[in-house]
Amino acid sequence: MAKGPTLLLEKAFVGGPVCGVDEAGRGPWAGPVSAAAVILDPNPRKVPKGLDDSKKLSAKARESLEIEIKAKAVAWGVGFASVEEIASLNILHATGLAMCRAIEAMAVQPMFALVDGNYRFKLPCEVKTVVGGDGKSKSIAAASILAKVARDRLMTEMDERYPGYGFASHKGYRAPIHAEALLSLGPCEIHRLNWGPVKLALMGKDPLMAFEDALQEELPFEA
C-alpha cells in the first residue's frame, strides 16, 4: 500500500484537467485566509518529489517545494480573502472566495477540483471533497504547500507593518506571545475582531482562555 499522497484520485477523472485545492489560515486570530489550486502533470516523473500535507513538512522543505511546484505544474493559482471579507461573509464563505480566486488565477482552467475536507464549496468547476486530502492526493498536497507558504510570507510582511505582535513567528495563530501582545497593545487592523480570543482581549481577559475549536461559529466545516 502506498504511503503518503498519490495521483490515484486525479487519474480517476476523465474529460479534463483536475486540480487539487486547499486552504491555509482558517483558524488564526489575525490575517487573511489563503487558498491554492494546482494542476500537476499526469506524468509522475514531472511531479515534484516529497509532496505531502504542508503541516508535516518543515518551513524550508515547503519553500523549496513551492519553487518546484510552480516550475513543474501544468497550472497553479493562489488566492486570498481579507480580514474584512472574513468578517462580512464568515470564514466558511471567505474560504470559498479565496478558493475561487485561486482557480480563476490559473493559466489553465480545471474541469474538476479535488478539495481537502468535507465541505462542497461552490467553485468554477465540478467539486469532489476528500477528507484528509492533503495526505491522499498529490495535487491537494501541492495546493496545501502553496497556500501555506503564501500566507506565511504575507504574515511575515505584516510583522514589519505591525510590530510587537510577533506575526513572523506565529503567523497570527494562538501563541502566548500573541496573547500578551493583544492584551498590551490591543488588536491591529488585521486582527479578526469577531474571533473569540480577540473579543476576550478587548474585555481585558486572557485570549488563551478561548477554546481552540470554538474560535468562530463556522468552524469546523461540516457539509
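Phenylalanine 13 sits in the loop that links helix H1 (8-11) to strand S1, where helices (H or I, at least four residues) and strands (E, at least two) are DSSP runs numbered from the N terminus. Phenylalanine 13 is buried, with a relative accessible area of 19%; buried means under 20% relative accessible area, exposed over 50% and partly exposed in between (1.4 Å probe, protein chains only). Setting aside neighbours within four places in sequence, phenylalanine 13 is in contact with Val18, Phe112, Leu114 and Lys128, contact being heavy atoms within 4.5 Å.

A word on the model: it is predicted, so local features need pLDDT of at least 70 and side-chain atom pairs count only at pLDDT 80 or more, while totals for chains, interfaces and linings use all residues. Residues are numbered from 1 along each chain as its sequence is written, and side-chain values use heavy atoms, with hydrogens and water left out.

Now let's turn to the sheet. Five strands form an open sheet in the order S3-S2-S1-S4-S5, with mixed pairing; two strands pair if DSSP finds at least two bridges between them. Strand S3 (75-81) and strand S5 (126-130) are at the edges with a single partner strand each, so one side of each has no neighbour in the sheet. On average, neighbouring strands here are turned by 20° against each other, direction ignored.

Strand S1 (residues 18-24) pairs with strand S2 (residues 33-39) in the antiparallel sense over 5 bridges, and valine 21 stands opposite alanine 37 in S2.

Finally, helix H5 (residues 138-161) lies across S1, S2, S3, strand S4 (112-116) and S5, running at about 35° to S1. Axes are lines fitted to C-alpha atoms, for helices over the stretch in contact, and angles run from 0 to 180 degrees between N-to-C directions.
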